[in-house]
Amino acid sequence: AGKVVGVNTAIYSPGQSGGWVGIAFDIPAATVKPVIEQLKDRGYVDRGWIGVQVQPVTQAIADGLGIKDAAGALISGTDPNGPAAKAGLKPGDIIGGINGVPIFNTLALVDHIEKHPADELTLDVRRGSEQLQLQMRPVLLAVEGTTKPRIGIHWDASGRMSVSHPD
């Protein structure tokens, strides 16, 4: 017996071989596990949305802003109707923490929002030379304005999964 370390999402095979030769791209098992648990429990996955576009804080950006560490998530844009803009986040702000948990990069920001899709959040934000704390709550993404799942997931008695689509 082995251990699942990832779920394949794509395989590139050079030429027309049709074989399993080449490079495989996968989603880490630690990312897939909570999704599978939500699908089993509810048949759909909750996803939080805060309405931002982010980019990494590279060392060049940190140097240009006069900050020591290349860490955090740099806000490059906000949706004017999104929770982040309503809370006061602006392009150029750097999110350095959420609820006291350090945010070292954009992936950590996305990961935190995914794990806390509807929680009240306190964001530690750097704006120029100021340190701010902003309060916000992500909104749950719905499928086309409904709370019903687009795809149904079902498990039979032996634990096999089947997928159904309403169309």
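## Exercises on pockets, bridges and contacts

D111 is partly exposed, with a relative accessible area of 32%, where partly exposed lies between buried (under 20%) and exposed (over 50%), judged with a 1.4 Å probe and protein chains only. The structure is a predicted model, in which local features need pLDDT of at least 70 and side-chain atom pairs count only at pLDDT 80 or more, while totals for chains, interfaces and linings use all residues. Residues are numbered from 1 along each chain as its sequence is written, and side-chain values use heavy atoms, with hydrogens and water left out.

**Exercise 1.** Find which residues line the second largest pocket, and which elements give two or more residues to that lining.

*Solution.* Begin with the term: on a 1 Å grid over the protein atoms alone, a pocket is an open set of points where a 1.4 Å probe fits, with protein on both sides within 12 Å along at least five of seven lines, and a lining residue has an atom within 4 Å of a point. The second largest pocket has a volume of about 260 Å³, a volume being the space filled by probe spheres set on grid points that are joined across faces, edges and corners. Its lining consists of A30, T31, P34, V35, Q38, R47, L107, V110, D111, E114, K115 and P117. Two elements, helix 1 (29-42) and helix 4 (106-115), each give two or more residues to this lining; helices (H or I, at least four residues) and strands (E, at least two) are DSSP runs, numbered from the N terminus. Sorted by class, the lining has six nonpolar, two polar and four charged residues.

**Exercise 2.** Work out how many salt bridges a search of the whole structure finds, and describe each one.

*Solution.* A salt bridge requires a side-chain nitrogen of Lys or Arg within 4 Å of a carboxyl oxygen of Asp or Glu, and the search finds three of them.

- *Step 1.* K115 and D111 meet through their side chains at 3.1 Å, N to O. Both residues belong to helix 4 and stand four residues apart, about one turn of the helix.
- *Step 2.* R127 pairs with D93, and their closest N and O atoms are 2.8 Å apart. Because R127 lies in strand 8 (residues 121-127) and D93 in the loop between helix 3 (83-87) and strand 6 (94-98), the pair ties together parts that are 34 residues apart in sequence. R127 is partly exposed at 22% relative accessibility, whereas D93 is buried at 1%.
- *Step 3.* R137 pairs with E120, with 3.3 Å between the closest N and O atoms. This pair links distant parts of the chain, since R137 sits in the loop between strand 9 (130-136) and strand 10 (139-140) and E120 in the loop between helix 4 and strand 8, 17 residues apart. R137 is partly exposed at 44% relative accessibility, and E120 is partly exposed at 38%.

**Exercise 3.** For I11, V139 and A71, state where each one lies and how far its C-alpha atom is from that of F25, A118 and T58 respectively.

*Solution.* I11 belongs to strand 1 (residues 6-12) and is partly exposed at 34% relative accessibility; its C-alpha atom is separated by 6.1 Å from that of F25, 14 residues apart along the chain. V139 belongs to strand 10 and is partly exposed at 36% relative accessibility; V139 and A118 are 21 residues apart in sequence, with 6.1 Å between their C-alpha atoms. A71 sits in the loop between helix 2 (59-65) and strand 5 (73-78) and is partly exposed at 27% relative accessibility; from A71 to T58, 13 residues apart along the chain, the C-alpha separation is 7.5 Å.

Notes: Ala, Val, Leu, Ile, Met, Phe, Trp, Tyr, Cys and Pro count as nonpolar, Asp, Glu, Lys and Arg as charged, and the others, Gly among them, as polar.
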